[in-house]
Amino acid sequence: MQDTREAMLQWIALCLERNAKERSKMNMDPANAAPHGFFINLDSVLLKMCEPFLDPLSGKAWGKVNAGYVTDSRRVDFQDTTKLNMHAEEQRKYLQQRRSSHEGASSSNQAGAVPTSPSPAGVGPSPGGRPSSAGGAPGAGSGYHFICECFFLTAKGLSLGLIKAITESSDVHRELPHYTRHLQEAERACQGLSGLALTMAQAQLARLKTAVDDKNQLRLCFDTVLQEPGLLRNAVAFYRLMATWLLRLAYPPLAQGQMPFVPLPEPAPAEFRALPEYFVDDLCELMLYVGQAAPRSLEGLQLEEIMIFMVVFMGSPGYVKNPFLRSRISEVLFVLLQPHPEGDMRRRPQVAASVQTLIEGHPMVQQYLVRSLMKLYVDIEFTDRSNQFYEKFSTRANVGLLLEMLWNMPAHRQSWKALAAGKSGGQDPKGPAEGQHVHLQFCNMIINDSTYLLGEALEKLPQVRELEDLMANQAAWEALPKREQQEKESVLRQESGMIKHHLTSSSIAVKTLEYTTTEVAATWLLPEMVLRVANMLNYFLQFLTGPNRKQLKVKDPLKFNWRPKELLPQLANIYLHLERADSKGTFANAIAVSDRYRPDMFPETCQVLRQLGLMADMDIDELENLAQRVEAARHQGTEEDVEMADAPDEYLDPITYTLMQDPVKLPSGAVMDRPNVMRMLLSDPRDPTTRAPLTKEDLVDDTELKSKIDMWVKQQRQK
């Protein structure tokens, strides 16, 4: 039996290693690797081998699945892969350290501790323990327990087999509509042709028909094999075990039943950071496929461990460094829940009821999910990917919809408010102030995204209108050369697609700003934030109510998701929410000093709101009262500007050239106004003068200079 087991493990490992290089490529050459069918069958066997210990609550895997297998195994190679949070040089040193450790211990007993019996909750010894021979014979060629061998061989087998097939299936489903559209365009192109031109067009049409037929056949083959319920349920069960094992490795107290907190304590264990990224990525790929193509496969499955896994690692960048990989986790959550733009869930019967129950009632999820999503929203700004600029908006749109859904759940809204107030509690090793800073960064990114996305869309809508008017003018359009017509049609398609994307994403960001200002307005009124909010709101109000607003009218606004009659009252509500929360007049002053403020801005807005019946008269009256306070602040500010016009240069902020209210010293020796520095740090945590790393803790109050400025201001006012 032992010989048979070892021979079988060697054969499986050989199959994996001989195919690893080719099947790991994005575009695999089928001639140089075993086919999908072989690997799907191999994966089915591997999952069957894991079946006795798949349930994390059974505890059968704990104490036997050893993370050292990834670095030390001679049976399969895990080294030539991207790690969760370990760069190449650190990995080299870590491997060298492990080899030296093993060589030094070669004469001692390497059997390791005998695992204890699992507790009823399924927790036991740390998953990172040394290999054990207890409870079953270790693989003769490795020194690792048979369960450990099965676990890691299955992880690699699924990555090369089932997950690879799922990826290619997704590519086929994504490509098929494009092929179909090209086929339809080719069919239209054949009309009216004759002679050689018709012959060439028909040949192209025949090639496209063959390509579409081939893609459809491939799609059906993938769907038939991959949507087999037993295969998917067993694969989900395996990745449930994987999620639990990763959690236990990252946070050992989980073995005693203690729930992890977010973010996890740093630094992360080296054995965790050295794990392949694809352990997490494959889990996400499978759950995305099941959630989209076969959601009924999730019914009846226990997903608590996967949910906790998502919450913890989305918000722990010290463990899963790649923001794009963490965004994949949020995508899984989005697909499973499918939040509606109005903030509720479209409760599809196919979605596992356990997922909804966990979101709504699990204490750990209630406490940390909002924070994890906000942290991801901030971190996705930088992913080191070639198309990161566009990816971040897609991720943030999904995260924004999830957050809106959570805002409408009382427990999650309470966690949100506690986070914003710096009272999040828990066992956060960085303290509640760190959570408050995450919320501040999140609010800053909301402003960045709203300003860019909506601003770009509003500036391009007049261009679309101009093209539409040209095409509607039959005489002018037909006078253009055919080539120029095609170019303008192409420009219109591209601009229309971009405008729709920008308006859709910006609507989520503006909606977030609208509902959060009702109960967590304090963050938006901070010195480093309030002027940015005022600038953004004034900028958009100029577009919607200014003299050029008619240029924003397009032929079919809903095609672009352009809803100005919804956007204008949203902006007005944000003004009112912040004004109601502001007891010091900070917001009115910020509106008045904004470069984008016009005295006729609010009267025009109120007139449009009344004419179209977009807001209650009582709210419009309140907006008019705000306009009066803004005008008063503007006149007072003008007088103060005259009084302070001759301020010495040393009293002025070197970036904005405004009189400093709260001067601070930077490590570089430069002196700046605190709100300006804090505003810059939210988007770029570096010293603006030297580009060296900078945090708010590095700022030192310049009390002597502040006293001089205060004295000078007092003297100016006395004059």
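Biologist: Is arginine 549 buried, partly exposed or exposed?

Modeller: Buried means under 20% relative accessible area, exposed over 50%, and partly exposed in between, with a 1.4 Å probe and protein chains only. Arginine 549 has a relative accessible area of 34% and is therefore partly exposed. Please note that this is a predicted model, in which local features need pLDDT of at least 70 and side-chain atom pairs count only at pLDDT 80 or more, while totals for chains, interfaces and linings use all residues. Residues are numbered from 1 along each chain as its sequence is written, and side-chain values use heavy atoms, with hydrogens and water left out.

Biologist: Where is the place of arginine 549?

Modeller: Helices (H or I, at least four residues) and strands (E, at least two) are DSSP runs, numbered from the N terminus. Arginine 549 is found in the loop between helix H20 (527–545) and helix H21 (564–581). In total, the protein has 26 helices and three strands.

Biologist: Which residues form a positive surface patch?

Modeller: Patches are made of residues with over 30% relative accessible area and no salt bridge; like charges are joined within 9 Å, and nonpolar side chains (Val, Leu, Ile, Met, Phe, Trp, Tyr) within 5 Å. Lys and Arg count as positive and Asp and Glu as negative, while His and the chain ends are not counted. The place of a charge is taken as NZ of Lys, CZ of Arg, CG of Asp or CD of Glu. Here Arg549, Lys550, Lys553 and Lys565 form such a positive patch.

Biologist: Which side chain does aspartate 684 meet in a salt bridge?

Modeller: Its partner is arginine 686, at 2.8 Å, N to O. Aspartate 684 is partly exposed, with a relative accessible area of 22%, and arginine 686 is partly exposed with 36%. Elsewhere, salt bridges that share partners join Glu381, Lys392, Arg396 and Asp449 into one network.

Biologist: Is alanine 61 buried or exposed?

Modeller: Alanine 61 has a relative accessible area of 3%, so this residue is buried. Alanine 61 sits in the loop between helix H2 (36–50) and helix H3 (68–72).

Biologist: With which residues is alanine 61 in contact, leaving aside its neighbours within four places in sequence?

Modeller: Contact means heavy atoms within 4.5 Å. Those residues are Phe53, Ile147 and Leu241. The C-alpha atoms of alanine 61 and tryptophan 245 are 8.8 Å apart in space, although the two residues are 184 apart in sequence.

Biologist: How many residues of helix H11 are buried?

Modeller: Helix H11 (residues 304–314) is mostly covered, with ten of its eleven residues buried. Among them are Glu305, Phe309 and Phe313. Of the 719 residues of the protein, 51% count as buried.

How values were computed: Areas by Shrake-Rupley, 256 points an atom, 1.4 Å probe, with all protein chains shown as cover. Salt bridge = Lys/Arg side-chain N within 4 Å of Asp/Glu carboxyl O.
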